[in-house]
Amino acid sequence: MPKTSKVVQREQSHEHVTESVADLLAHEEPLDYKSSSLNVGAAAGKKIPQIEVPESDGRPAWNSKLQYILAQVGFSVGLGNVWRFPYLCQKNGGGAYLVPYFILLIIIGIPLFFLELAVGQKIRRGSIGVWNYVCPRLGGIGMSSLMVCGFVGLYYNVIIGWSIFYFFQSFQFPLPWSDCPIRKNGTIAIVEPECDKSSATTYFWYRQTLNTTSTIAESGGLNIKMTLSLLVAWIIVCLAVIKGIASSGKVMYFSSLFPYVVLFCFLVRGLMLKGSVDGIAHMFTPKLEKMLEPQIWREAATQVFFALGLGFGGVIAFSSYNKIDNNCHFDAVLVSFINFFTSILATLVVFAVLGFKANIMNEKCVAENGEKILGYLNSNVLSHDLIPPHVNFSHLTPSDYADVYSIIRTVKEDGFAQLGLEPCVLEDELNKAVQGTGLAFIAFTEAMTHFPASPFWSVMFFFMLINLGLGSMIGTMTGITTPVLDAYKVQKELFTVGCCIVAFLCGLLFVQRSGNYFVTMFDDYSAGLPLTVVVILENVSVAWIYGTKRFMQDLEDMLGFRPSIIYFYLWKYVSPLCLIVLISATVIEMAISPPGYNAWVQDLAQERFQSYPPWALAMCFALIVVAMLPLPIVFIARHFNLMSDGSNKLSVSYRKTMMKDISNLEEQDEARFILGAKPGDTPLSGVARKPYVTPAGNKSVDPNSLSPNVCYGTSYQNAAIKSK
């Protein structure tokens, strides 16, 4: 068929066309191609008007690039950077852990983060709308993201509530967790036994804050203090997101930047504390043999995965408010490295404080055991000849105690155990791995009781935790509200308030006396496996179904430059393979690890591992199933045409892209392109589009090679053809 211009085609055509494709796509209301009937009865040769599509479709936009970057940083930098990354660094070989983490950040984190930013910015919709466009049969990806956001938001705000409670308790001197309470029994005053067996900070956390029960089966009723704290937390979150990015963007200026101020203050103060250098040296002393263990790579991959907030939908939602030509590649690299360096900064602070705490505890151990030895010397259980002349028990140093301990252990080899002496080694204190709530609400609070002006530092620390949690919660709530507001015309403020009220009511599960155990359950089961499945499906739908070459071409059109070829191979092969290995490792770990939780046993004043009862075990697996259920349901429903594929809800920016492509047609008229009922009449392969260049640069990919109703690139064409 000889090439002819569009003008010649129109003159030779015997069909009457009243509207061009540009007209149809530029309608203010989304056009449902499957249900529309196109009018072809007008006079021939009518000039087709050129419609200018407005730059904005009424969708909110960020006031500035800085506001957007701070929002992404606030979402990705959260509580996990402060209390999980340092724990993993300590557990997995100190500085040796940073190597696999950095490698996996490069080959998994940045590429997948870039992918989510790009699809959100290109299609300008939340997670549900984006994946309906990219691959309708995998549209359940967005719904699963929304479900996971809901589960995570329920318990994550409880942690903010705990921080709010500690924040208000910090306005006291001395701090209420600095000493054990005294119980009076008549004229005799004794230390609270539960506190005496544990510590003042541990007792304050488990008994006075949570007032926790000994098992998950014992509800114990609502904890009024925690219920009020949760209510305050949800009010703050609601006010922050009620106006969408118009309000949350302004909040991010403070909530994203303030934690860095506090971390730097803590780092400077921590380095001035005795023993802080010991903690930092312990952190960066690499145990290189650890790098050969698969476990360290699995945990590093998991941390990279969750640190950037992949799969939650918040990343896509935030980027959907960007301009279409925003350099999202720069954003992905910038935010990823800010997240990484924030984790390093937080780890330095944590280990400086833990080094100080370890020295305090070691000195306390030396003093207590020194008194024991002195008692044994006075009662002639031990001979004075065993004590070196330079040892002074009134100022017993750790090194002197180590010498005395070694001598006594050698001489009293048979009866040494009866003496009850402890080694008091600083390294043992530093090796006590503490993570999660134990780090923030027990270890850190205990260290701060020894700080000069301890209430000030406590107020600053918990205010920082509130801001870190708030930044992540804003992203989580945006991941819930944006897809729904895109799909349904509901009032933003009313819907946001309704979500917060429902979430608070559901969150009452976590503020009963056994609520801490449910927080652990949701943290372990509601996000891990479902999110990993969501992200690998995101990767596969773009790289293998839509096509990496087409996606690279889209990026070039959108950004004005072609991203590095490295991304082609990472998206196509490396990232999916790594994610499959991660999913396999997660499933294996869940299979071999007995499901359970650490319960606080009041009589023993200790934590003990307990298995979940059958109903709780069923609840654990229900969280996984419910989060992933939309994936097969949507796939089956759309495979058998039981559900609309969402192709009638085009964003203005995407309509503009389609119009740009169609305006460049040189082989056939726009109307024939849309109205051709049979491939033989108007072959779709004749559409002239920009070639999708392979990495080698010498091949082009047929843009219509994908099957109909699979990806948004062809589903709209096919839908229009069927409508006739």
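Visitor: What makes the link of C180 and C195 left-handed?

Guide: The angle about the S-S bond is -80° there, and with that value the link of C180 and C195 is left-handed. C180 lies in the loop between α8 (140-169) and β1 (182-185) and C195 in helix α9 (residues 193-197), so the pair ties together parts that are 15 residues apart in sequence. Please keep in mind that this is a predicted model, in which local features need pLDDT of at least 70, side-chain atom pairs count only at pLDDT 80 or more, and totals for chains, interfaces and linings use all residues. Residues are numbered from 1 along each chain as its sequence is written, and side-chain values use heavy atoms, with hydrogens and water left out.

Visitor: How do you know that C180 and C195 form a disulfide?

Guide: Their sulfur atoms are 1.9 Å apart, and a disulfide is a pair of cysteine sulfur atoms within 2.5 Å, so the pair qualifies.

Visitor: Why is C195 called buried, while C180 is called partly exposed?

Guide: Buried means under 20% relative accessible area, exposed over 50%, and partly exposed in between, judged with a 1.4 Å probe and protein chains only. C195 has 1% and therefore counts as buried, whereas C180, at 23%, counts as partly exposed. C578, with a relative accessible area of 22%, is partly exposed too.

Visitor: What makes the disulfide of C365 and C424 left-handed?

Guide: The torsion about its S-S bond is about -75°, so this disulfide is left-handed. The pair links distant parts of the chain, with C365 in helix α16 (residues 328-378) and C424 in the loop between α17 (398-411) and α18 (426-430), 59 residues apart. Both cysteines, C365 and C424, are buried.

Visitor: Why is helix α10 described as largely enclosed?

Guide: Of the 10 residues of α10 (residues 200-209), 9 are buried, so this helix is largely enclosed by the rest of the structure. Among the buried ones are F204, W205 and Y206. A helix here is a DSSP run of H or I with at least four residues, numbered from the N terminus.

Visitor: How do you know that S229 is buried?

Guide: The relative accessible area of S229 is 7%, and so this residue, which lies in helix α11 (residues 224-241), is buried. Leaving aside neighbours within four places in sequence, S229 is in contact (heavy atoms within 4.5 Å) with G161, I164 and F165.

Notes:
Helices (H or I, at least four residues) and strands (E, at least two) are DSSP runs, numbered from the N terminus.
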